[in-house]
Amino acid sequence: LEIVARQSAQILTLSSPILDVGEHVLAVPLIGDFDGARAAELTPTLLTAVVERRIRAVILDVTGISDLDPAGAGQLARLIGALRLLGAEGIVTGISPRLAQTLGALGNDAGLLRTYRSLSDGLRASSARPSG
């Protein structure tokens, strides 16, 4: 059971790598389901990286998300809020029509998300943002 637990933790880490993609910009491609366990694994690691690396923008690319339930959508919105509290902008890219419906169900919280159609659009937007 210990081996299975360790392998599960490794899979969670590999399914949300934190990539340095520019000066003070990180990208996190999310692959598979995004649920409470994934958010709990990603959030502290990502927030620590933001502080330690003095990150000003984090691009969360959801192109590879296979399922996002309302709880996962709420977790994503809370993660964006936590990034904002640390002075970093959270950008969401690659939203499919199905994910747009789920995120739209958040109501006012969905309006707090800065979104772009593709990762390349998000990269351009993050590099255009003035340093602060």
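In the predicted model, helix H2 (residues 36-52) packs against helix H3 (residues 70-85), their axes coming within 11 Å and crossing at roughly 10 degrees. Because angles under 35 degrees count as roughly parallel, H2 is classed as roughly parallel to H3. On the H2 side, the contact is formed by Gly36, Ala39, Leu42, Thr43, Leu46, Leu47 and Val50, and H3 contributes Gln75, Leu79, Ala82 and Leu83. Classified by residue type, the contact of H2 with H3 comprises eight nonpolar and three polar residues, with no charged residues.

The largest nonpolar core has 27 residues, and those with the most contacts inside it are Leu30, Phe34, Leu46, Val58 and Leu60. At least two residues of this core are supplied by each of strand E2 (25-33), H2, strand E3 (57-67), H3 and helix H4 (97-104). Another core, of five residues, lies apart from the largest one and includes Val25, Ala27, Ile59 and Ile91. In soluble globular proteins, nonpolar side chains tend to be buried together.

A polar residue, Thr93, is located in strand E4 (residues 89-93). Thr93 has 0% relative accessibility and therefore counts as buried, the cut-off being under 20%. The side chain of Thr93 is joined to that of Asp61 by a polar contact of 2.6 Å. When residues up to four places away in sequence are not counted, Thr93 touches Ile59, Leu60, Asp61, Val62 and Thr63, together with Tyr116, Ser118, Leu119 and Gly122. Among these neighbours, Leu60 is one of the residues with the most contacts inside the largest nonpolar core, whereas Ile59 belongs to the core of five residues.

Conventions
Residues are numbered from 1 along each chain as its sequence is written. This is a predicted model: local features need pLDDT of at least 70, side-chain atom pairs count only at pLDDT 80 or more; totals for chains, interfaces and linings use all residues. Side-chain values use heavy atoms; hydrogens and water are left out. Axes are lines fitted to C-alpha atoms, for helices over the stretch in contact, and angles run from 0 to 180 degrees between N-to-C directions. Helices (H or I, at least four residues) and strands (E, at least two) are DSSP runs, numbered from the N terminus. Angles under 35 degrees count as roughly parallel, over 145 as roughly antiparallel, 65 to 115 as roughly perpendicular and the rest as oblique. Contact means heavy atoms within 4.5 Å. A nonpolar core is a set of buried Ala, Val, Leu, Ile, Met, Phe, Trp, Tyr and Cys residues joined through side-chain atoms within 4.5 Å. Buried means under 20% relative accessible area, exposed over 50%, partly exposed in between (1.4 Å probe, protein chains only). A polar contact is a pair of N or O atoms within 3.5 Å; within protein, one must be able to donate a hydrogen and the other to accept it, and residues adjacent in sequence count only if both atoms are side-chain atoms.
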